[in-house]
Structures are given as C-alpha cells and as structure tokens.
Amino acid sequence: MSSAVRNQGSCVAIRAFSPSSSFNRCSHGSASSDADGTTCGKPAWIGKGLTCVCFKRKGVYEGVCISLTPKQEERLKRLRHRMKVYFDGSRRDHQPTYLQLSWRQEALRALWSATYPGKELHGLISDQWKEMGWQGRDPSTDFRGAGFISLENLLFFAKTFSTSFQGLLKKQGGKRSAWEYPFAVAGVNITFMIMQMLDLDASKPGTFIRSVFLQILSENEWAFDLLYCVAFVVMDKQWLERNATYMEFNEVLKSTRAQLERELLMDDVLRIEDMPSYTLLC
C-alpha cells in the first residue's frame with residue numbers, strides 16, 4: 001500500500017507497507033501543531049494496538065495509522081522486555097528486571113569468545129577487558145546506561161558481521177584520528193541512542209520513525225540488532241570523515257542518528273537491509 005494524498009487537517013499513509021498491517025485514515029479536525037511543530041491534533045485511537053502518528057514536514061501535515069498485528073504486538077513486547085533488563089554487577093537481586101549473576105557471566109564470556117577467538121579470558125574482572133574498550137576492569141559497570149541489551153547488541157554484531165566487527169575493534173579502516181573512541185563503550189552509547197530515537201517504551205507513539213520501525217520489526221524480529229550494526233558502521237564512517245576526537249563523540253552520534261532517521265524514512269526502505277548504509281556491513 002502506498003499513498004501520496006496529503007491534506008491539511010487529516011493524516012493518511014504516505015509510504016509503502018506490507019499488507020499484514022491495517023491502515024486507517026485519521027482525521028483530526030483542525031490541524032493544530034504542538035510546540036515543536038512535529039505533531040498535529042490529538043491522535044485517534046481505534047481498537048487495540050493502533051499506532052497513529054502525524055507530523056509536519058515543510059508546512060504539510062503527514063501521517064500514518066497502523067493497527068498492530070498480534071505478531072507485531074508480541075515482538076514489540078519482547079523487545080521492550082529486553083530493554084528493561086538491567087545489567088549491574090553490584091546488585092544481587094533476584095527481581096526479573098535485574099540480570100542474575102550466572103546470566104551475566106555467561107553473556108560476558110560469550111562476548112569475549114566472539115571478540116577474541118582462542119584467547120583465554122583470565123577473569124570476568126580483569127585488565128583484559130580494557131583491550132575491548134571498556135573503561136575499567138569490570139565491564140558490567142559500563143552497561144548500566146543501556147542495560148543488558150547493549151551487551152546483546154555487541155554479541156550479535158560480533159557473530160553476525162564478524163569482519164566489520166573486527167575491523168572496527170582493531171581500527172583497521174581509514175586514517176585513524178589521534179584520539180580514538182573506546183570501541184565497547186561506544187557500542188553501549190549507540191544502543192542508548194537507538195533506544196531514544198525509537199522511543200519504543202512510550203505509552204503513545206510520538207514519532208513517525210517509531211511507526212516505521214514497528215512495521216520493519218514485524219518482518220524481522222532482529223531488526224533492532226541489525227539497526228544497531230548499521231548505526232555502528234555509520235558512526236565510524238562519520239568519525240573518520242570528520243577526523244574527530246573523543247571530545248566530538250556526541251556530535252558524531254547526533255549526526256549518526258540523523259542519517260539513520262533519513263534512511264529509515266526513504267520510500268523504498270521496508271527492511272533494515274534496504275537501508276543504503278547496510279552495504280557498509282560485511
């Protein structure tokens with residue numbers, strides 16, 4: 001389905017989606033914008049799971065309404081659960097929101113093995129972790145910002161795109177700047193950036209990007225992890241092009257987010273694999 005209809009005061013689908021989702025026209029009466037001019041009126045909620053987003057682009061209101069399928073709802077629920085699993089080695093809680101010690105040990109050892117095949121890890125708290133770009137001897141302290149999903153993202157990257165992963169880890173590409181970013185800590189920050197960009201934990205949709213991603217998620221349960229891999233190579237590419245220093249890391253991250261958003265909104269991007277920057281992975 002696709003549509004080029006754009007009417008002030010109403011919102012319709014403006015890009016192609018698979019037939020698995022149900023689209024509905026949403027009429028908001030007079031199209032009033034909020035403070036930043038990105039949304040119009042009050043979203044209409046029709047039935048369970050309806051996602052309705054309106055936004056303003058170049059003075060024209062555009063939007064899409066997606067009625068989530070059971071598969072989409074289930075995958076979103078699982079992704080949200082992943083995002084709420086905290087990683088804190090100092091805690092010994094057995095609450096489901098905190099990662100138990102045995103899981104932490106297994107996951108960290110798996111990350112080490114995928115990163116340094118055949119190289120023995122002397123301990124979960126060791127100076128060896130600094131080689132990967134952690135700030136100290138215990139990497140669990142760096143996971144607190146984004147939680148356990150940031151470790152899962154690194155592990156997915158290492159196993160799925162090992163060549164790209166190793167190239168970034170070892171700073172093999174391009175003319176490297178004098179003051180590099182720490183690889184592993186950068187990965188945690190990328191996870192946090194994507195979580196903020198997609199805003200998946202919000203009770204109501206606030207961005208068109210989120211609605212687009214939910215449709216992509218319905219096609220591939222690993223869409224978040226794939227987007228993470230794309231984001232990492234895009235960030236590194238921009239880092240090299242800017243000849244950036246670590247003090248400029250946040251600016252590079254903002255620029256990376258902007259590029260991801262542009263690519264996700266392209267009409268012919270229906271999967272993460274359709275994003276132009278996906279070709280950077282190998």
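Select helix H3 (residues 148–160) and helix H7 (residues 223–242). On the H3 side, Ile149, Glu152, Asn153, Leu154, Phe156 and Phe157 are in contact with Phe224, Asp225, Leu226, Tyr228, Cys229, Phe232 and Val233 of H7; contact means heavy atoms within 4.5 Å. Helices here are DSSP runs of H or I with at least four residues, strands are runs of E with at least two, and both are numbered from the N terminus.

Two packed helices are described by the angle between their axes and the distance between the axes. For H3 and H7 the angle is about 75° and the axes are 9 Å apart. The axes are lines fitted to C-alpha atoms, for helices over the stretch in contact, and the angles run from 0 to 180 degrees between N-to-C directions. H3 and H7 are therefore roughly perpendicular to each other. The cut-offs are under 35 degrees for roughly parallel, over 145 for roughly antiparallel, 65 to 115 for roughly perpendicular, and oblique for the rest.

A note on the model before the next selection: it is predicted, local features need pLDDT of at least 70, side-chain atom pairs count only at pLDDT 80 or more, and totals for chains, interfaces and linings use all residues. Residues are numbered from 1 along each chain as its sequence is written, and side-chain values use heavy atoms, with hydrogens and water left out.

**Arg82 and its partners**

Stay on H3 and show the side chain of Glu152. Glu152 forms a salt bridge with Arg82, with the closest N and O atoms 3.0 Å apart. Glu152 lies in helix H3 and Arg82 in helix H1, so this pair ties together parts that are 70 residues apart in sequence. A salt bridge is a side-chain nitrogen of Lys or Arg within 4 Å of a carboxyl oxygen of Asp or Glu.

Which other residue does Arg82 meet in a salt bridge? Asp225 is the partner, at 3.0 Å from N to O. This pair links distant parts of the chain, Arg82 in helix H1 and Asp225 in helix H7, 143 residues apart.

Colour these residues by accessibility. Asp225 is buried, with a relative accessible area of 1%, and Arg82 is buried at 16%. Glu152 is partly exposed at 24%. Buried means under 20% relative accessible area, exposed over 50%, and partly exposed in between, with a 1.4 Å probe and protein chains only.

**Along H1**

Next, select helix H1 (residues 70–83) and find Glu74 and Arg78, which both lie in it, four residues apart, about one turn of the helix. Their side chains meet in a salt bridge of 3.2 Å, N to O. Arg78 is partly exposed at 35%, and Glu74 is partly exposed at 36%.

**H3 against H4**

Leu154, Phe157, Ala158 and Thr160 of H3 meet Ser162, Ser164, Phe165 and Leu168 of H4.

Is H4 mostly covered or mostly open? H4 is mostly covered, with six of its eight residues buried: Ser164, Phe165, Gln166, Gly167, Leu168 and Leu169. Just after H4, Lys171 takes a positive phi of about 55°.

**The surface**

Trp179 is partly exposed, at 45% relative accessibility. Show Tyr246 and Met247 as well: the three form a nonpolar patch on the surface, with about 370 Å² of accessible area together.

Last, go to Met266, in the segment after helix H8 (249–264). Met266 is partly exposed, at 33% relative accessibility. The C-alpha atoms of Met266 and Pro276 are separated by 9.7 Å, and the two are 10 residues apart along the chain.

**The whole chain**

Zoom out. The chain has eight helices and five strands, in the order β-β-β-β-β-α-α-α-α-α-α-α-α along the sequence. Of its 282 residues, 52% count as buried.

How values were computed. Patch = residues over 30% accessible without salt bridge, like charges linked within 9 Å, V, L, I, M, F, W, Y side chains within 5 Å. Areas by Shrake-Rupley, 256 points an atom, 1.4 Å probe, with all protein chains shown as cover.
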